[in-house]
Amino acid sequence: MDTKYLKYFVAVAQHGSINQAAKAMYISQPQLSHIIKSVEEAVGFDLFRRTNQGSRLTRNGENFLSHCKVILNEMDSLDQFISQTQRQGSRLVVSMTRFSHTAVCFNEVCARHQEQENLFLRLRETSTSDVIDDVANGYSEVGVLHFSVHETDTMMRNFENKHLQFIPVAKFKPYVFLSSRHALLKGGEVTELNINDLLNYGFVRYIGQYEDFFYHIATEHGLVDLNDSPKIIYVNDRMEQTRLLASTNFYTIGIAKFPYQSTTYDVANIPLKNCSEHLRFGIIMKENKKSTNIENEFIEAVQKRYRALSDEVQRA
């Protein structure tokens with residue numbers, strides 16, 4: 001069982017409502033319902049009684065909650081122990097949402113320091129909510145994440161509650177990524193795509209990231225939840241995703257052209273037509289944290305790269 005699911009279960013137990021827990025965990029209500037159902041299937045008994053007043057723990061659910069709290073507390077303690085033990089020499093520990101541009105910045109910093117002694121470098125690619133938790137709990141020193149501009153107020157309150165500082169970097173409209181030979185592109189004549197034209201094709205997305213804001217597209221006709229697509233293909237990493245896009249008529253959602261996109265993979269990025277959505281990217285760290293030289297180097301690389309991407313998109 002994915003231990004992240006235990007956090008979702010604890011959130012529902014604490015809020016007494018799947019809807020309220022979903023808002024607090026930045027995940028859609030249907031996906032959180034699916035996760036709770038998966039946990040109940042895994043343990044073999046009901047954890048909640050569904051009532052008009054919300055979700056109430058069963059007796060087994062109460063016992064399960066006690067064990068979950070112990071497990072999650074021990075995991076937090078273990079993460080802090082590992083983090084404190086590794087604080088020697090140059091150290092760069094980053095959590096990020098899955099974007100090639102952030103990974104490129106991390107790799108560039110790694111390459112510049114490869115001959116240095118006492119070097120500790122770690123990159124974790126995960127969901128927005130996990131990036132926040134990683135930095136708040138001390139598992140990572142720097143987080144790079146994204147969220148919908150419509151969620152800005154909610155996210156800022158979340159950062160404040162977790163004593164995190166937020167450094168804005170750039171914002172982007174979402175793009176469709178698909179094979180350059182896709183039938184919808186009609187030989188390269190198409191310059192925009194309507195999200196509704198894509199729904200009969202397979203949507204490629206990452207495993208476990210139900211709350212990703214790229215899966216909820218705000219259009220002039222309302223919100224389109226790509227989690228409800230009739231065809232969904234789940235993948236684990238960017239390489240797997242990109243190869244799949246290049247060899248099929250599937251599609252996914254991203255922000256801007258990534259390295260070697262056209263030369264190596266023959267994948268195109270096309271703007272979404274009449275899309276009112278914008279994704280905001282930024283960096284988070286603990287409040288009053290004094291960044292090390294190598295952390296500042298990485299932060300500057302991220303700012304420079306994403307701002308250059310933003311300028312390039314605006315010129316296009």
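Strand β14 (residues 279-286) is largely enclosed by the rest of the structure, because six of its eight residues are buried, buried meaning under 20% relative accessible area, exposed over 50% and partly exposed in between, with a 1.4 Å probe and protein chains only. The model is predicted: local features need pLDDT of at least 70, side-chain atom pairs count only at pLDDT 80 or more, and totals for chains, interfaces and linings use all residues. Residues are numbered from 1 along each chain as its sequence is written, and side-chain values use heavy atoms, with hydrogens and water left out.

**Strand β14 and its partners**

- Helices (H or I, at least four residues) and strands (E, at least two) are DSSP runs, numbered from the N terminus.
- β14 pairs in the antiparallel sense with strand β5 (residues 142-148) over six bridges; two strands pair if DSSP finds at least two bridges between them.
- β14 also pairs in the antiparallel sense with strand β6 (residues 164-172), over eight bridges.
- Phe281 of β14 is the bridge partner of His146 and also of Ala170.

- Beyond residues up to four places away in sequence, Glu287 touches Glu160, His163, Leu164 and Gln165, where contact means heavy atoms within 4.5 Å.
- Glu287 and Phe159 are 128 residues apart along the chain, with 9.5 Å between their C-alpha atoms.

**Phe9 in helix α1**

- Phe9 lies in helix α1 and is buried, with a relative accessible area of 0%.
- With neighbours within four places in sequence left aside, the contacts of Phe9 are Ile36, Leu47, Phe48, Leu57, Gly61, Phe64, Leu65 and Cys68.
- From C-alpha to C-alpha, Phe9 and Leu47 are 8.8 Å apart in space, and they are 38 residues apart in sequence.

**The largest pocket**

- The largest pocket holds about 570 Å³ of space.
- Of the 22 residues that line this pocket, Lys7, Gln14, Met25, Asp133 and Lys162 are the closest to its centre.
- A pocket is an open set of points on a 1 Å grid over the protein atoms alone, with protein on both sides within 12 Å along at least five of seven lines, and lining residues have an atom within 4 Å of a point.
- Helix α1 gives the most to the lining, with five residues.
- Helices that each supply at least two lining residues include α2 (18-25), α4 (59-85), α6 (128-136) and α7 (152-161).

How values were computed:
On a 1 Å grid over the protein atoms alone, a cavity is a set of points where a 1.4 Å probe fits but cannot get out, and a pocket is an open set with protein on both sides within 12 Å along at least five of seven lines; lining residues have an atom within 4 Å of a point. Grid points are joined across faces, edges and corners, and a volume is the space filled by probe spheres set on the points.
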